[in-house]
Amino acid sequence: MIHGYMWRFERIVFQHLPEDNLTDALKKLKITAVDSTADSLEGCLDCLLQALAQNNTETSDKIQKSGILQVFASLLTPQSSCTAKVANIIAEVAKNEFMRNPCVDAGLIPPLVQLLNCKDQEVLLQTGRALGNICYDSHTLQSQLINMGVIPTLVKLLGIHCQNSALTEMCLVAFGNLAELESSKEQFAYTNIAEELVKLFKKQIEHDKKEMIFEVLAPLAENDIIKLQLVEAGLVECLLEIVQKTVDSDKEDDIAELKTASDLMVLLLLGDESMQKLFEGGKGSVFQRVLLWIPSNSHQLQLAGALAIANFARNDGNCIHMVDNGIVQKLMDLLDRHVEDGNVTVQHAALSALRNLAIPVVNKAKMLSAGVAEAVLKFLKSEMPPVQFKLLGTLRMLIDAQAEAAEQLGKNVKLVERLVEWCEAKDHAGVMGESNRLLSALIRHSKSKDVIRTIIQSGGIKHLVTMATSEHVIMQNEALVALALIAALELATAEKDLESAQLVQILHRLLSDERSAPEIKYNSMVLICALMGSELLHKEVQSLAFLDVVSKLRSHENKTVAQQASLTEQRLAVES
C-alpha cells in the first residue's frame with residue numbers, strides 16, 4: 001500500500017553552503033517576508049532549499065527553532081511568485097516526523113489546501129507534496145483534509161492535468177492514502193473518480209504506473225456505489241484484457257498483474273448491483289469469460305473463477321441458471337484436480353461456490369444426483385479449517401429437506417466420526433459450530449433410527465446437548481429438535497449418554513431462564529415429555545422442580561408456549 005508522498009526525483013547537488021549563509025537567510029526571511037522585493041525573498045528561499053538538500057534533518061531543526069514556519073503561512077498565496085518554493089521547503093522539512101506537528105501548529109494546512117485551487121502546475125505539485133508529507137501516516141490529519149473538501153478538488157486536478165505525470169502521480173498517492181479511510185468513500189462516490197481512473201489506466205503501459213492505479217482502485221472498490229461506477233466506466237474490460245495478456249507469462253511483473261487484476265475483478269462482484277450487471281441473466285460476456293478461468297492451468301485464475309462463481313451465486317435466480325447450465329460439473333472437475341496435495345485456497349473457493357449454489361431448493365436434488373456430496377467427501381481428511389468449514393456448510397445445504405441424502409450421509413461412519421472430532425475443535429469456532437449443525441441436520445432431515453444409532457455409537461450425543469446451550473438461538477433450536485427426535489425414536493439406546501451429558505439439568509435451566517426465546521422454551525418442554533419414557537431420565541426430571549417452572553409458563557405471552565406448558569404440566573402431574 002502506498003504511504004506518504006516523498007519527492008521521488010533527483011535534485012541538483014549544491015556545493016557546500018556556509019553555516020553563516022543559512023543563519024543570515026533565516027534572519028532575512030523574517031524581515032523580507034514582511035517588506036522586501038520578490039528577488040531578495042527568492043534568494044533566501046533558494047538558500048534554504050540548498051541547505052535542505054545538503055542536510056535535511058539539521059536544516060529542518062534550525063528552521064523550526066527560528067520560528068520561520070509561521071511566516072510561511074503568510075507567503076502561501078496564489079499571487080506570489082515564491083509560493084512554489086515555499087511549498088517545496090515545507091514539503092522537504094515535513095519529511096522529518098519531528099517537523100509535522102510544528103507545521104500543523106504553524107497553521108500551514110488551510111493555506112496549502114486553498115492552493116490546490118490554483119492553476120500553476122508547479123505550485124500544485126509542491127502543495128500536494130507538502131500536504132502529503134505533513135499528513136503522512138496520520139489518520140486524524142487525513143480526515144481533516146477530507147473534511148476540508150480536498151477529494152473533489154484532487155479528482156478535478158487529475159482530470160485537468162492528466163498529461164502531467166508528476167501531478168498525476170501526486171494525485172494517485174493522495175488517493176491511495178485517503179481511500180484507506182472509510183469517511184472518504186462517500187465523498188469519492190460523488191465525484192467522477194471511477195471514470196478518471198479507468199481513463200488513466202487505459203493509457204498506461206508501464207507496470208509500476210498500473211500498480212499505482214491498482215492500489216487506489218482496491219480500497220475504493222470496497223464501496224458498493226463505486227463498484228458499480230467502475231463497472232460502468234469499463235474497468236472490467238481492462239481487467240479481462242490484462243488477464244488475457246498475462247495468463248501464460250512467467251515474468252514476475254505479469255504474474256503480479258494477473259493476480260491483482262483477477263482479485264479486483266472478484267472484489268467488483270461483491271456488490272449486488274455490479275454483480276447482477278455483469279451476470280446479465282447468465283449471458284453476459286464477463287460471466288462467460290470467467291467460466292473459462294475455472295478449467296485454466298493457472299491456480300490464480302482457478303481461484304478467481306471459483307470465487308467469481310460464488311459471488312454470482314448470491315441469489316436464487318442466478319444459482320438456478322448456473323446449475324441448469326452445467327457449472328456444477330466444472331466445479332467438481334476443478335476440485336478433482338486439487339484432492340491430493342491440492343491448493344487450499346482453490347479448494348475453499350470451489351466449495352464456497354458449491355455451497356451457495358446448493359441454497360435454492362430446486363438445486364439440491366440436481367446437485368446430489370450429479371455427485372456433489374461424493375466430490376465434497378473426498379476432502380474429509382483435510383486438516384485445513386477453512387476447507388473443513390466450507391465442506392460442512394456445503395453438505396448441510398445439500399441435505400436440507402433431502403431425507404434420502406441425509407440418511408445416506410448419516411449412516412456414513414467415517415463422516416459422523418469426523419464430525420464428532422470437529423465438534424471439539426475449540427480453536428476453530430466456525431468448524432465446531434458447523435459440525436454441530438450438520439450432526440443435528442442429519443437427524444432432523446433423515447428422521448432415521450439408523451442415523452441416530454450411528455451418531456450415538458460415534459459419541460455425538462454430548463455435542464448435541466452442549467449445542468442446546470449455544471448463544472445462537474437457531475443452533476439451540478436445531479439441537480433441541482434433533483434431541484427430541486432421538487428421544488422419540490431411540491431413547492433406550494441414548495438414555496445413558498443423555499444422562500451423562502446432563503440434558504435434564506440443562507433443560508431445567510433453559511425453562512427457568514427468562515431470556516430463553518419462546519421456541520426454546522416450547523421445544524424444551526416437548527423434549528421433557530419425550531424423556532419421561534426413560535425410567536433413568538424420568539427420575540432426574542422428578543428430582544428437579546419442573547412442575548413449578550412449567551406452571552409459571554402457562555401465563556406466557558406466547559400462546560404456543562402457554563399451551564405446551566399446560567400439556568407438559570398435565571404430563572408431569574400424571575407421571576409424578
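**Exercise 1. Identify the residues that line the largest cavity, and state which lie nearest its centre.**

*Solution.* The lining of the largest cavity comprises 16 residues, and Gly-128, Leu-131, Gly-132, Leu-145 and Ala-174 lie nearest the centre. A cavity is a set of points, on a 1 Å grid over the protein atoms alone, where a 1.4 Å probe fits but cannot get out; lining residues have an atom within 4 Å of a point. The model is predicted: local features need pLDDT of at least 70 and side-chain atom pairs pLDDT 80 or more, while totals for chains, interfaces and linings use all residues. Residues are numbered from 1 along each chain as its sequence is written, and side-chain values use heavy atoms, without hydrogens and water.

Next, the elements: α8 (121-134), α9 (139-147), α10 (150-160) and α11 (165-178) each give two or more residues to this lining, and α11 gives the most, with five. Helices are DSSP runs (H or I, at least four residues) numbered from the N terminus.

Finally, volume and class: the largest cavity holds about 180 Å³, a volume being the space filled by probe spheres set on the points. Its lining has 12 nonpolar, four polar and no charged residues. Here Ala, Val, Leu, Ile, Met, Phe, Trp, Tyr, Cys and Pro count as nonpolar, Asp, Glu, Lys and Arg as charged, and the others, Gly among them, as polar.

**Exercise 2. Determine which helix gives the largest share of the lining of the second largest cavity.**

*Solution.* The second largest cavity, of about 50 Å³, is lined by Leu-158, Cys-162, Glu-196, Lys-199, Leu-200 and Lys-203. Helix α13 (residues 193-203) supplies the largest share, four residues. By class, three lining residues are nonpolar, none is polar and three are charged.

**Exercise 3. Describe the packing of α3 against α6.**

*Solution.* First, the axes of helix α3 (residues 56-66) and helix α6 (residues 97-105) come within 10 Å and cross at roughly 25°. Axes are lines fitted to C-alpha atoms over the stretch in contact, with angles from 0 to 180 degrees between N-to-C directions. Angles under 35 degrees count as roughly parallel, and α3 and α6 are therefore roughly parallel to each other.

Second, the crossing is left-handed, that is, the near helix is turned anticlockwise from the far one by less than a right angle.

Third, Thr-57, Ser-60, Asp-61 and Gln-64 of α3 and Phe-98, Met-99 and Pro-102 of α6 make the contact (heavy atoms within 4.5 Å). These residues divide into three nonpolar, three polar and one charged.

Definitions and conventions
On a 1 Å grid over the protein atoms alone, a cavity is a set of points where a 1.4 Å probe fits but cannot get out, and a pocket is an open set with protein on both sides within 12 Å along at least five of seven lines; lining residues have an atom within 4 Å of a point. Angles under 35 degrees count as roughly parallel, over 145 as roughly antiparallel, 65 to 115 as roughly perpendicular and the rest as oblique.
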